[in-house]
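Reader: Hi! Could you walk me through this one? I'd like to go piece by piece.

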Amino acid sequence: MTTSHRRHFRRSRTARAAALLLAGLASAALAGCGTGGKGEPEALGTQGAARAPRAVPEIPPGLPGMPPLLDPRDVYAADRPNRLSPVVRDFPSRVYVPNTTSNTVSVIDPATYEVIDTIPVGVQPQHVVPSWDLKTLWVNNNRGHTLTPIDPATGKAGTPVEVHDPYNLYFTPDGKYAVVMASMDRELVFRDPHTMAVAKTVPVDCYGVNHADFSADGRYFIVSCEFSGELLKVDTAKMEVLAKQRLPFEGAMPQDVKISPDGRTFYIADMMAHGMWVLDGEKFTEPKLLPTGKGCHGLYVSRDSKEMYVSNRGEGTISIFDFTQNRLTKKWRLPDGGSPDMGGVSADGKVLWLSGRYNGEVYAVDTRTGRQLARIPVGGGPHGLAVYPQPGRYSLGHTGIFR
């Protein structure tokens, strides 16, 4: 071997040694990055099977004091058929119907489809609202400026509480406040949920605040402004309006509001646009319209969280929206027409109850077939009826939004 060959061999051997040393350091570094806190390296290469990453759903921090969702993928997981809270388990099953022009509440026995009682209340009762703790039904006497409490255990009315302009009533998810939708006063009024003493009054610059629903984490809620065709986004804890937008439809009249089971989308019924607005609540960007039928009004989620029943008051129909398919799949038509408005689903999920606003009647509809089961005469101008009791741990208000 020549001198030059020996020098080349020594250089090659040195390079190979350096390469092996660098490879070893790199492997050690990789192993160090994968330690689980006890010094054991993650399995790499042929030394063993790599650990599968854990699929952990992202759960945003909720409103402090709000009971956590039973399932982060379904805000309605607590509303399964007949899953009644111990608080309401012994209450008789009834349908409470506020009659706006009769100033009464008709009480229906759903087993017989008959009116078994008529309760005198204040002037222009609009909605019957279950309290956050499920123990009381509040009748919103809009023009009488009172709330009439009804004990659902006995069906008896108590002493009215003075509350100005209570068109509708909601409760914050932590149970800390009642929120009165003072439609004509143009205010959101946060009150004590038991005494109804005022905690904070929030003036708004839209007209006709009336319906709402809360985000999955409870930190904000979306409010419809019926008479100015606008939406509000409201911070729950701060009790202040975060944003406002006008719906992109001339003459829009937004009504009921519901969040999707996965918590990603809000749906807002619009009786003049004849459909639902589909809104990203987080971004609060311009919503898109999904036509359903004339006079789109009330929105009710099925007990399995798969569908939503949409009442079209102006044509006497009910549209069925499938959440998974993200489209309308069916339309049920009431025989002899009608004006299906607000209502709710029975505890077992088999019957949809809706008031007939302009017909002085209530409709019971089979949720499996769409067949009308009963058409029950009540007082004048029946509106936001409550089916009670219903499954759920607590109420967010309206005619029954339960979590």
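Reader: Which residue in the turn between strand 18 and strand 19 has a positive phi?

Author: That is H274, with a phi of about 60 degrees; the turn belongs to a hairpin of strand 18 and strand 19 with 4 residues between them. Strands here are DSSP runs of E with at least two residues, and helices are runs of H or I with at least four residues, both numbered from the N terminus. Before we go on: this is a predicted model, where local features need pLDDT of at least 70 and side-chain atom pairs count only at pLDDT 80 or more, while totals for chains, interfaces and linings use all residues. Residues are numbered from 1 along each chain as its sequence is written, and side-chain values use heavy atoms, with hydrogens and water left out.

Reader: Is strand 18 buried or exposed?

Author: Buried: 5 of the 5 residues of strand 18 (residues 266–270) are, so the rest of the structure largely encloses it. Buried means under 20% relative accessible area, exposed means over 50%, and partly exposed lies in between (1.4 Å probe, protein chains only).

Reader: Which way do its side chains point?

Author: F266, I268 and D270 point one way from strand 18, while Y267 and A269 point the other way. In a regular strand, side chains alternate between the two faces of the sheet.

Reader: Let's look at W277. Where is it?

Author: W277 lies in strand 19 (residues 275–279), and it counts as buried at 3% relative accessibility. Leaving aside neighbours within four places in sequence, W277 is in contact (heavy atoms within 4.5 Å) with several residues, among them L247, F249, F266, I268 and K288. The C-alpha atoms of W277 and K288 are separated by 5.5 Å, with the two residues 11 apart along the chain.

Reader: Nice. What about the sheet with the order 21-22-23-24?

Author: That is an open sheet of 4 strands with antiparallel pairing. Its edge strands are strand 21 (296–301) and strand 24 (327–333), each pairing on one side only. From one strand to the next, the twist averages 25 degrees, with axes being lines fitted to C-alpha atoms (for helices over the stretch in contact) and angles running from 0 to 180 degrees between N-to-C directions. Strand 23 (residues 317–322) is joined to strand 24 by 6 bridges, and I318 has W332 as its bridge partner in strand 24.

Reader: Where is N103, the one with phi near 60 degrees?

Author: N103 is in the loop between strand 1 (94–99) and strand 2 (104–109). N103 is partly exposed, with a relative accessible area of 26%.

Reader: Which peptide bond is cis?

Author: The one from Y388 to P389, with omega near 0 degrees. P389 is in the segment after strand 29 (386–388).

Reader: Changing topic to the surface: which residues form a nonpolar patch?

Author: M184, Y207 and F227 do, with about 360 Å² of accessible area together. Patches take residues with over 30% relative accessible area and no salt bridge, joining nonpolar side chains (Val, Leu, Ile, Met, Phe, Trp, Tyr) within 5 Å and like charges within 9 Å. A salt bridge is a side-chain nitrogen of Lys or Arg within 4 Å of a carboxyl oxygen of Asp or Glu. Areas come from the Shrake-Rupley method with a 1.4 Å probe, and for residues only the protein chains shown count as cover. Y207 lies in the loop between strand 12 (198–203) and strand 13 (209–214) and is partly exposed at 44%.

Reader: Last one: how many helices and strands are in the chain?

Author: The chain has 1 helix and 29 strands. Buried residues make up 54% of its 403 residues.

Notes:
Pairing = 2+ DSSP bridges.
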